Amino acid sequence: MRSSTSRSRTIAVTALALGLLVAGPAAYAAGAASADRSDRPANVASGPYDSTGSSGGSGSSEGDSGSGSSSGGGEHDHAGHTGSGSSGSGSSGSGSSGSGDGSGDSAGAGAGGGSADQGSGSAGDEPDAGDGEKKGAPSALDILAVDCSGSRLTAHDGFQKAPRCVSTAFGEVADADRSPSLLITQAPTTVRPGESFRLTVSTRNLVRDRFLPAAQGGYYAEASLLDGQGLQRGHFHTACRILPDPGEAPDSSPDPLFFQATEDGGGGARPDSVTIDVPGVEQAGELQCSSWAGDGSHRTPMMQRANQTPAFDSVRIEVG
């Protein structure tokens with residue numbers, strides 16, 4: 001009887017031990033996985049895709065001003081990159097998404113560089129980063145300098161000298177719908193040598209009230225300024241030169257045959273016209289006459305977007 005009881009106890013103990021060997025590791029693994037999911041911060045993923053099937057690095061957070069993905073139409077900006085990119089302050093939760101409107105915005109295009117710790121809003125190891133750039137593509141921005149602190153050139157002093165390094169701030173940029181524009185609306189097609197003629201120049205969104213004489217040190221010396229209505233303050237230039245070979249870009253170093261700056265106090269949001277009197281040109285050939293806007297310190301006015309047309313125009317006049 002005792003032998004039978006002892007044998008039954010031995011069998012029961014053996015079965016219990018085998019059950020613990022099988023169930024114990026499985027229960028531990030399940031508990032560890034559950035703890036990993038519950039302890040993981042909301043903005044951290046274990047891989048490209050978590051257990052719910054969603055992207056592990058979507059970057060969507062309360063700090064994003066947009067949806068975290070580019071809605072651009074695949075257009076290329078001037079740096080040769082597509083999409084809008086994002087900018088950030090160094091963490092994926094604090095970045096602000098670019099608008100991705102496909103308009104070639106120079107300020108927003110590719111500003112995030114495509115890395116998660118710059119606030120790009122996408123995981124670096126996903127097949128498609130979501131900002132219009134392919135995996136492994138170089139950073140959209142590779143800024144070499146923002147001032148003259150690292151330049152080996154002499155500082156610019158407001159006079160027309162080069163090579164120099166200009167440290168004057170760019171200054172104020174007008175809204176796209178207030179950017180200056182310019183058009184030569186009337187010009188002759190042919191003139192005789194020595195015959196004077198007239199050009200008619202129309203400007204819009206250019207207040208012609210600011211002109212720092214370059215000969216007195218006003219060249220590139222002042223930042224761009226807008227008036228109280230957000231319009232560019234400045235003037236416009238007109239120059240004419242004979243083209244030695246109309247089939248190739250000319251040397252830009254010689255002085256033009258004619259040059260005039262127009263700062264007459266006119267101009268504004270509505271287009272108006274100015275007449276430019278050009279004295280006769282004795283040299284026969286193809287004459288190029290150009291007009292272009294300038295800010296108070298003679299730079300072509302900046303534009304909100306990279307794909308806007310600058311405020312300039314040219315015509316060809318045959319002299320002969």
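Reader: In this model, does F259 count as buried, partly exposed or exposed, and at what relative accessibility?

Author: The model is a predicted one, and the class of a residue in it follows from its relative accessible area, where buried means under 20% and exposed means over 50%. The value for F259 lies in between, so this residue counts as partly exposed, at a relative accessibility of 47%.

Reader: Which term describes the aromatic pair of F259 and W292: stacked, edge-to-face or tilted?

Author: Two aromatic pairs are counted in the structure, and the rings of F259 and W292 have their centres 6.5 Å apart. Planes under 30 degrees apart would count as stacked and planes over 60 as edge-to-face. Since the planes of F259 and W292 stand at 50°, the pair is tilted.

Reader: What kind of aromatic pair do Y219 and Y220 form?

Author: Y220 counts as partly exposed, with a relative accessibility of 26%. The ring centres of Y219 and Y220 are 4.1 Å from each other, and the angle between the planes is 25°. Because planes under 30 degrees apart fall into this class, the pair of Y219 and Y220 is stacked.

Reader: Is H156 buried or exposed, and what is its relative accessible area?

Author: H156 sits in the loop between β2 and β3, and a polar atom of its side chain lies 3.0 Å from the backbone nitrogen of G158. Leaving out residues up to four places away in sequence, H156 touches K161, R164, C165, V166, Y219 and Y220. Buried means under 20%, so H156 is buried, with a relative accessible area of 17%.

Reader: Which cysteine forms a disulfide with C148?

Author: The structure holds two disulfides, and in the one that contains C148 the sulfur atoms are 2.0 Å apart. This link is left-handed, with -95° about the S-S bond, and both of its cysteines lie in the loop between β2 and β3, 17 residues apart. The partner of C148 is C165.

Reader: How many residues are in the largest nonpolar core?

Author: The residues that touch the most other members of this core are F197, L199, I276, L287, C289 and I317. Elements that give two or more residues to the core are β3, β5, β7, β9, β10 and β11. Apart from neighbours within four places in sequence, F197 is in contact with several residues, including I276, L287, C289 and I317. The number of residues in the largest nonpolar core is 22.

Conventions: Residues are numbered from 1 along each chain as its sequence is written. This is a predicted model: local features need pLDDT of at least 70, side-chain atom pairs count only at pLDDT 80 or more; totals for chains, interfaces and linings use all residues. Side-chain values use heavy atoms; hydrogens and water are left out. Rings of Phe, Tyr and Trp (its six-membered ring) pair if their centres lie within 6.5 Å; planes under 30 degrees apart count as stacked, over 60 as edge-to-face and the rest as tilted. Buried means under 20% relative accessible area, exposed over 50%, partly exposed in between (1.4 Å probe, protein chains only). A nonpolar core is a set of buried Ala, Val, Leu, Ile, Met, Phe, Trp, Tyr and Cys residues joined through side-chain atoms within 4.5 Å. Helices (H or I, at least four residues) and strands (E, at least two) are DSSP runs, numbered from the N terminus. Contact means heavy atoms within 4.5 Å. A polar contact is a pair of N or O atoms within 3.5 Å; within protein, one must be able to donate a hydrogen and the other to accept it, and residues adjacent in sequence count only if both atoms are side-chain atoms. A disulfide is a pair of cysteine sulfur atoms within 2.5 Å.
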